[in-house]
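Q: Could you walk me through how the parts of this structure touch one another?

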There are 4 protein chains.
Amino acid sequence: MILFESDYLEGCHPSILDALRETNLKQTHGYGSDPHCTKAADMIRYIFDCPDAEVHFLVGGTQTNATVISSLLKPYQGVVCAQSGHINVHETGAVEHTGHKVLALPPHEGKITAEQIDAFAQAHYSDFSFEHMVQPGMVYLSLPTELGTLYTKQELLDIKEVCRNWEMPLFIDGARLGYGLEASGCDILPKDLPQIADVFYIGGTKQGALFGEAVVFSNPALAQDFRYNIKQNGGMLAKGRLLGIQFETLMNEGLYFKLARHADRMADRVRDAFRQKGFPFLVENTTNQVFPILPHAAIERLSKDFGFECWQHVDAEHDGVRFCTSWATPESAVRALEDAVRDL
Amino acid sequence: MILFESDYLEGCHPSILDALRETNLKQTHGYGSDPHCTKAADMIRYIFDCPDAEVHFLVGGTQTNATVISSLLKPYQGVVCAQSGHINVHETGAVEHTGHKVLALPPHEGKITAEQIDAFAQAHYSDFSFEHMVQPGMVYLSLPTELGTLYTKQELLDIKEVCRNWEMPLFIDGARLGYGLEASGCDILPKDLPQIADVFYIGGTKQGALFGEAVVFSNPALAQDFRYNIKQNGGMLAKGRLLGIQFETLMNEGLYFKLARHADRMADRVRDAFRQKGFPFLVENTTNQVFPILPHAAIERLSKDFGFECWQHVDAEHDGVRFCTSWATPESAVRALEDAVRDL
Amino acid sequence: MILFESDYLEGCHPSILDALRETNLKQTHGYGSDPHCTKAADMIRYIFDCPDAEVHFLVGGTQTNATVISSLLKPYQGVVCAQSGHINVHETGAVEHTGHKVLALPPHEGKITAEQIDAFAQAHYSDFSFEHMVQPGMVYLSLPTELGTLYTKQELLDIKEVCRNWEMPLFIDGARLGYGLEASGCDILPKDLPQIADVFYIGGTKQGALFGEAVVFSNPALAQDFRYNIKQNGGMLAKGRLLGIQFETLMNEGLYFKLARHADRMADRVRDAFRQKGFPFLVENTTNQVFPILPHAAIERLSKDFGFECWQHVDAEHDGVRFCTSWATPESAVRALEDAVRDL
Amino acid sequence: MILFESDYLEGCHPSILDALRETNLKQTHGYGSDPHCTKAADMIRYIFDCPDAEVHFLVGGTQTNATVISSLLKPYQGVVCAQSGHINVHETGAVEHTGHKVLALPPHEGKITAEQIDAFAQAHYSDFSFEHMVQPGMVYLSLPTELGTLYTKQELLDIKEVCRNWEMPLFIDGARLGYGLEASGCDILPKDLPQIADVFYIGGTKQGALFGEAVVFSNPALAQDFRYNIKQNGGMLAKGRLLGIQFETLMNEGLYFKLARHADRMADRVRDAFRQKGFPFLVENTTNQVFPILPHAAIERLSKDFGFECWQHVDAEHDGVRFCTSWATPESAVRALEDAVRDL
């Protein structure tokens, strides 16, 4: 049985285990005040070309989203996002748990537009009872989105402009950031991100680490006292060095990007296999998630040897499914899947 | 420089790294629904003799405390604890962040008594304006306490009785549980804990794991829908198996207890070294934390070669300090400290 | 200038001022423990035929909604309601402020259906990652809705059935309850409400009182310790008797219903006036709010002498507007409006 | 039976009922945007000599405290106050319900000092793990305190200085402000308050109004978007004019201060009566609350004709009790009490 169900099915890239073993009995201070965290933050500032950014390491995505978002909003503000956004659907209301409404806009292929955001803010402030409504206080995007689609650089610049006009910080969830940056057709470079987002995070969990997300405040003024927030939200790891060691390793010699590139190339092959058999897709994308629409018979056949997720009901005879590749997907697994698809 | 500053200065017991390496490329489902978590939970139920308990794994202590406490309380209820309790002092108000007041009682050597708790509840319900006050809804204890002291079994049974009378669940924070159970003079056995506490946790972070705390609901009715709470509080690790693998390893052949015993024996030697030189202690205890009161000159001398924490100002010439041993403390480090103390 | 902008433009029915004056210097205990609150609660239990109900008095609607909803939900649960529901749009996120997501369903004419609610709950529990989503924990409806429409008794019974199946309490917001019950065509009687809703409230603010809402827990088990919740949410009026006195007066000899009936009849006349001139409506309804669609010229003409609300943009030449009548609307005002509409 | 149990036993000063009747059928916009609120705010700015202050009206004290405090704090901050402070004891954890810890300092006669606050802030920032503790974010005082005692002007100026040094806004709860300002020996004038406090409130509920508290932001920058906060916390009265009308009346020709003076003079007489019989007091004060320590026999005798509160157990034969006067206390009631005390 070969699983393509998600991108967190395995442990981590072996070099991370090596680094953990090497440093294992070294004594360091706790809570992120160790030399590994310092060095990893420096590497991130260098690679993403943001020398003034403040970098913090947290354990997981939901925790990161809730901590960042609640640190940026005033009590009566909400966060604008796509209805399909992870914070709106799959975090058990972690944002609301901190007291804030998620202001969800209808997405197109997982994305929202500068125009939508602008119109929403406009509508808020022009309503005579605006104080009875949640004030849009920031914007949350994912890159790539939940559907594995990508914003273009221009789309992001337009959104940034709208955010600036309405004084709303822009936060980009990069749980799969590498898979986005390395996708074919992506015109965004690492150094573009701090120019666009006030704060973003570089996902480790799904991209080669055991766990961990690196939050980058390109606008360091927004990071004031952020460590209090991390602690209060239960995200301050006692052995913070575990995060530092992992990101040091991933940032070293471009490993993070190499691993992402591998996953994307594997996904391209999966995508091609389905396309060549004439299957349509729920959405066109180029990152590590592939969403073919399959007849039930094909789903049943593939299910015997492969794990994948039923994503969306399509009609009486078809479902949209999801195949995920990752840094860990061996070429042999993809070859087996290609063969099986060809034989459908 | 040898550090005795805390019990989370190193990585983890090497057998955990071995287990991580062995399982690294194995594919498992996420979020704790993997065979390692299942097996670790079974082992815990067996060792703590609570076949009906529900076991969940979280990443860290503050997260665990806030998640458990907020899952047990109604909005208008608070949690009773010692003023020196970790949740009251060192979690940046994580409990209050979930909307609940910490109802802090004055401790004696880090401990509160059944009588205090009973009197507090009695006072609440007999106040004519009780509905204007936060209702005591549960009790939180640490075993060992922040000062490394231990409740006796009888003290815990008395507290349990009071809790039952006032319908308040009893939650025991076991961030250092092993160091307590293995301390000389401790009359509490692992199997006693589920009989005493409605819910408790077995600390991994400070006792040989990279990270991780195992929450045991001896009263499984209190665990209803607890996984929603974990997710909402950002504590559901995508690669949940990392927690399962670590606790499997720690519970195997009593490793968890062996590591704790080692730390306690090392602390005994540190304690003896200070005692033989005639230094008094902030508190008498038998677990892995030692709190001698030292003159400033001695502190300065020891600081050259050893790291330790200034815990409490005593008088113009003395401070109380803390030396922590752990599962990782080598005997050579203790010998060096013994020598240095002897030479003071 | 005659205002039809809302139903809270005036003070209160004069008999309430009389009652306040009569009782003014009488000494009573505070916080709702006075004979007026007791008597008003008894009258409500009698009129709504729910002898076992628990009745509490709060000051305003937003406060009442947030207090009731947060008292019924577990931390990881949300409240199901129409996208147009007051709690979702016009309470500045008061429900989210208490930590809970509003789970908004697309309404038809302000209403949601038993089928929608059932499908939503079904979809939640059949999703393999349901614990990553907010659990639907209760249902909130308004009677009448924000658009002045009414559920039929059968529709409510169907919703009640679904709620029971999924173990979700049903809460009915009756900010304008009287205007609903007295509307032509309404087949719901006061005594039906406790049979249908687990908890509902009888709006005073918009129906003749200075302020005040009476919350009725037909299911008294859900009201356990509710007074703590009221206090914690800032809704416990020191001079609670002000609420008791007002509801005593409104419940006396059917005054509450008489006032509502007057407003509904006045609205019927306003509705007829627009209908006779051939204007369409945003929505067909029979309560105290009227929503004609008017050309801009007509809006401008009417604006000279009448206050009303622009409710919704329709097209380049038309807007939907809202005229509200109330217990206080004099017949002369309606006659003036009828004349003005006729002259358009 | 004559009640001295609290200062909210009666309705309101008759001139308020007159004003309500006069304005009753006048139509005004809702939510505080009416001419009465505007005029009342202007009068307050004039009387308290703070032309730039922003003034808002809320319904009750707990609501006001929670709304103001949560609007001023960042998520990880708490509010410093006396252990006996109303927010710490008698508001069912309303502040914690908004996510913030109350940082309680031991009071002397209900008061805390500039030195205490300074030492607390100092201790916070000099602790090496300060980010693991709740940051002191503001200071809350009551004038008068819960024990009816008063800060001197110099004490307040010293506290203000400390607050400024640590960048903590100072908030003064004036639920009984008038009773403080008119007390014999009080050296604080209305115009001093905006100079001392960043925000304070003028209590109406206990001083002649039916209900209502006027919040004055002497530092208007802190009031940004405050109306959103009021609404979100359920404190925005639909018929906001009720608050405007009441404060217009109270501020007219010094009525507010006259009523307070009356209550204080009545309390002076009650105090003298007990003093002349040689009874000691729980605390020496000069405002409208009197706290004699009485033997049980005297308590029993007085209880036959008078209502008062048992405040604090003193010893086996004595309790401290509280007699409250108010704007409504008739001289005849005080005379009856004087006679009864004389006859003890």
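**Contacts within and between chains**

A: In this predicted model, 19 residues of domain 1 of chain A are in contact with 21 residues of domain 2 of chain A.

Q: Which element gives the largest share of the domain 1 side there?
A: Helix α12 of chain A, residues 255–276, provides the largest share of the side of domain 1 that touches domain 2, namely 9 residues. By class, that side of domain 1 of chain A has 8 nonpolar, 6 polar and 5 charged residues.

Q: And where do the domains of chain A run?
A: Domain 1 of chain A covers 2–7 + 256–342, while domain 2 covers 14–254, and the C-alpha centres of these two domains lie 27 Å apart.

Q: Switching to helices, at what angle do α2 and α11 of chain A pack?
A: Helix α2(A), residues 35–47, and helix α11(A), residues 241–251, pack at about 35° with their axes 7 Å apart, and their crossing is left-handed. Among the residues making the contact are M43(A), I44(A) and I47(A) from α2(A), and L243(A), I245(A) and F247(A) from α11(A); by class, the contact has 9 nonpolar, 2 polar and 3 charged residues.

Q: OK, how many residues of chain A are in contact with chain B?
A: There are 41 residues of chain A in contact with 41 residues of chain B. On the chain A side, the elements giving two or more residues are α1, α3, α5 and α10, and the largest share, 5 residues, comes from α1(A).

Q: What's the make-up of that side by class?
A: The residues on the side of chain A that touches chain B divide into 18 nonpolar, 18 polar and 5 charged.

Key. Residues numbered from 1 in each chain as written. Chains lettered and ligands numbered in written order. Predicted model: local features only at pLDDT ≥ 70, side-chain atom pairs only at ≥ 80, totals over all residues. Contact = placed C-beta atoms within 7 Å. Helix = DSSP H or I, 4+ residues; strand = E, 2+ residues; numbered from the N terminus. Nonpolar A, V, L, I, M, F, W, Y, C, P; charged D, E, K, R; others polar. Axes fitted to C-alpha atoms, helices over the stretch in contact; angles between N-to-C directions. Left-handed = near helix turned anticlockwise from the far one by under 90°. Domains from an automatic or database assignment.
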